[in-house]
Each structure stands twice: as C-alpha cells, then as structure tokens.
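Hi,

Here is the structure I promised to pass on.

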Amino acid sequence: MSMRTASHPWVSAILVGGIACSGGTTAPNSVATSLVSVSPIGGVTSVAPNTPIVIAFSHAMGSGMEMYVSLHEGDVTGPAVPGVMMWSSDRMTLTFTPTDSLKSATAYTLHVGGGMKDADGNLIDMTAHGMMGGQWASSSMMNGAGMMGGGGPMSGQEMGPGWMGSNGMYGMVFHFTTA
C-alpha cells in the first residue's frame, strides 16, 4: 500500500498557520489570566519591615501594568510608599521593594488594580484563586465620599481605567501590619 500526502500548498499553510496561531503569550481563550498570590496576604501581622511585596499572576502581564500597584501607609487613602517595581523575566511576578524599610508596628495597604491586563490585552481575573485576605476596593473606600462625592483623600488618583475592574470595583486591597 502506498501512502498519499497532501500536495496542495494551502493545506500545508492551514496546518502551519493553525499550529502557529495556537500559541500565545498568555492563556488559551478559555483560561483567564488571574492573580495567583500576594505576599504578604491580607490580614497578616508581624510582617518583617524589610519584606518585599510579591504579586504573582498565572500568565505574562502587559507592559506598564506595574503602574496599577501601590503600597500605602495606613489605608488605601494614606501616603504611598516609595520604592522600586521589578518584573520577573517572564512578567508573571511583580516585586515591590520599598526605598526604605517599612515602619515597625505600622499598618499598610497594598492596592492591586482590577483593570490590569495581561500581555494579550485581556483583563485579569482577581477571584480565580480566592481573595488571599484581600477585599474589593469600592469607590467609597477610595475617596471616602463615593465617586460623585466631594473629592476625598484619593481625589481619583487610583480610580481610572487601569484600576477599575469589570465588576465595577477598583481592584483589591490587602491590609497587613509590620512587626
């Protein structure tokens, strides 16, 4: 018996094209990019003041998404902590290292924007792996007076498109206290 192969160029093009298009920088369409872990998790106490903040995602994140992560002294309306954001080489892990050690016995709040996008431009899912001690950031939490209120402490700084998720919340906040 002889075996016949496809001799039409378009058959080969479809096969090669189908294989080439099946891969991407993030997940297949059925699996959304998600927030996998946050360290320290929300609600934890006695965090060492020199601990870096580490956020992991299930797939590569888009360029510039680090601008939608902030650390605040106190609650989310408190002063932002200066530091350096650094992505892992695969853009799946973001590490924030404060410029100076955090203050001892002090409350801090990590804010992760809900409008962050992966490398393919898809919004991330912040609920796929549980909330990790976090809570949704509402407009009243962000400015103390709601979206239409009188311009509370945040005055909309962390309430734009990269912060707002598909559920109408401004991402998640994770409160922790240093040792």
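**What I found**

Let's start with a pair of strands: β1 and β2 (residues 53–57) run antiparallel and are joined by 4 bridges. Two strands count as paired if DSSP finds at least two bridges between them. Within this pair, S37 sits opposite A56 of β2.

Before you go further, note that this is a predicted model, where local features need pLDDT of at least 70, side-chain atom pairs count only at pLDDT 80 or more, and totals for chains, interfaces and linings use all residues. Residues are numbered from 1 along each chain as its sequence is written, and side-chain values use heavy atoms, with hydrogens and water left out.

Now the wider picture. The chain has 2 helices and 8 strands, and from the N terminus they come in the order α-β-β-β-β-β-β-β-α-β. Both kinds of element are DSSP runs numbered from the N terminus: helices are H or I with at least four residues, strands are E with at least two.

Back to β1 and β2: they belong to an open, antiparallel sheet of 4 strands, ordered β1-β2-β5-β4. β1 (35–39) and β4 (83–87) are the edge strands with a single partner each, so one side of each has no neighbour in the sheet.

There is more pairing elsewhere. Strand β8 (residues 172–177) pairs with β6 (residues 107–112) in the antiparallel sense over 6 bridges, and there Y108 has F176 as its bridge partner. β8 is also joined to β7 (residues 135–136), again antiparallel, by 2 bridges; here W136 stands opposite M172.

As for the chain as a whole, 37% of its 179 residues are buried (under 20% relative accessible area, with a 1.4 Å probe and protein chains only). Take contacts (heavy atoms within 4.5 Å) between residues at least 6 apart in sequence: 73% of them join residues at least 24 apart.

How far can you trust it? The mean pLDDT (the predictor's confidence in each residue, from 0 to 100) is 79, and 73% of the residues reach 70 or more. Over residues 1–28 the pLDDT stays under 50, and the model has 12 contacts beyond four places in sequence for them. Residues 144–155 are also below 50, with 16 contacts beyond near neighbours in sequence.

Cheers

Note on methods:
Buried < 20%, exposed > 50% of the residue type's maximum accessible area, 1.4 Å probe, protein only.
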